[in-house]
Amino acid sequence: MQLLVFILVYPFLWVISILPHRLFYGFSDIIFFIVYHIVRYRRKVVVNNLKLVFPQKDEKEIHRIEKAFYKHMCDMFLEMVKTMNLSKEDVKKKYHVTNIELLRELEKKRSILIVCAHYANWEWNVSINNYINAKGYGVYQKIGNHYFDNFIKKVRARWNTTLITQQQTVKTVVRNLREEVPSVYGMVSDQSPQAHKAQYWAEFMGIKVPVFNGAETMARKLGLAVVFLKVSKVKRGYYQAEFTTITEDGKETQENEITDTFLRLTEQQIKERPEYYLWTHRRWKHRNKKPAHFAKT
């Protein structure tokens, strides 16, 4: 069944990926109309999230952000499909890194962990590996369909990226450090963990929630440099990336310092242009559920 689904869906995705710019985003407009007006995909979740984190904004502004978000979301997910036939030269035109020198200098000293949020186009973040000498890894969620999972890995390999799951990450980092392989690891770090499994609670957009601190734990234990990746949408189909160093050596940081800095940088990014954050996720679903043993945090 998985093979049949792959055979049926792949040609459709391939056709979308080769559409010229105007037709490609015209198709995205059609998808937006279906998703927003007909299917109404998670619109209640999006509006509730926006009202929760922006209580000072009126209904008109909330509606503007909501609608702009859905238009961007449709663009972004189709841009994921576009990756199938996007060359290194093309992606460099569409995804411009402003200060790649920061990463190049840092990779000479130690392995790097790049952390980012579900903001703008995080799918094209893996193209950063086209600019560096170190071996590049992207931490991802394995796809249920075995054939699509293998296909995605092959597509990313075109941009010098090796995909690894969360379960494989620590083992991969330790092995590369032992074998002295200069490496850069990319991780989207703003997901919501299960409340009972969370090791740390912090304020995110003014609300106390459980947060993942696995990236910090790994960086502090293994001495990785940590860099925040801010991606801005310049115009439709074009993005700009900028790096901010959180620490050059995770071992030299205080507990929760890396995680808190990441959250503050992510908040700043969201507040600047909220329509480019992934509001369909129930990021604040565990608010007000902090266990008693976290009472002082």
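The points below cover aromatic rings and a charged surface patch.

This is a predicted model, so to speak of local features takes a pLDDT of at least 70 and side-chain atom pairs count only at pLDDT 80 or more, while totals for chains, interfaces and linings use all residues. Residues are numbered from 1 along each chain as its sequence is written, and side-chain values use heavy atoms, leaving out hydrogens and water.

**Aromatic pairs**

- A search of the whole structure finds 19 aromatic pairs, meaning rings of Phe, Tyr and Trp (its six-membered ring) with centres within 6.5 Å.
- Tryptophan 124 and tyrosine 239 form an edge-to-face pair, because their ring centres are 5.8 Å apart and their planes stand at 90 degrees; edge-to-face calls for planes over 60 degrees apart.
- This pair links distant parts of the chain, 115 residues apart: tryptophan 124 lies in the loop between strand 2 (112-116) and strand 3 (135-139), and tyrosine 239 in strand 9 (residues 238-247). Strands are DSSP runs of E with at least two residues, and helices are runs of H or I with at least four, numbered from the N terminus.
- Both tryptophan 124 and tyrosine 239 are buried, that is, under 20% relative accessible area (1.4 Å probe, protein chains only).
- Tyrosine 277 and tryptophan 279 are also edge-to-face, at 5.2 Å centre to centre and 80 degrees between the planes, and both are buried.
- Ring pairs join Phe6, Tyr10, Tyr147, Phe148 and Phe151 into a cluster.

**Surface charge**

- Arg42, Arg282, Lys285, Arg287 and Lys289 gather in a positive patch on the surface. Such patches join like charges within 9 Å, using residues with over 30% relative accessible area and no salt bridge (a side-chain nitrogen of Lys or Arg within 4 Å of a carboxyl oxygen of Asp or Glu).
- Arginine 287 is found in the segment after helix 10 (257-272).

How values were computed: Patches are made of residues with over 30% relative accessible area and no salt bridge: like charges are joined within 9 Å, nonpolar side chains (Val, Leu, Ile, Met, Phe, Trp, Tyr) within 5 Å. Accessible areas come from the Shrake-Rupley method with a 1.4 Å probe; for residues, only the protein chains shown count as cover. Lys and Arg count as positive and Asp and Glu as negative; His and the chain ends are not counted. The place of a charge is taken as NZ of Lys, CZ of Arg, CG of Asp or CD of Glu. Rings of Phe, Tyr and Trp (its six-membered ring) pair if their centres lie within 6.5 Å; planes under 30 degrees apart count as stacked, over 60 as edge-to-face and the rest as tilted. Buried means under 20% relative accessible area, exposed over 50%, partly exposed in between (1.4 Å probe, protein chains only).
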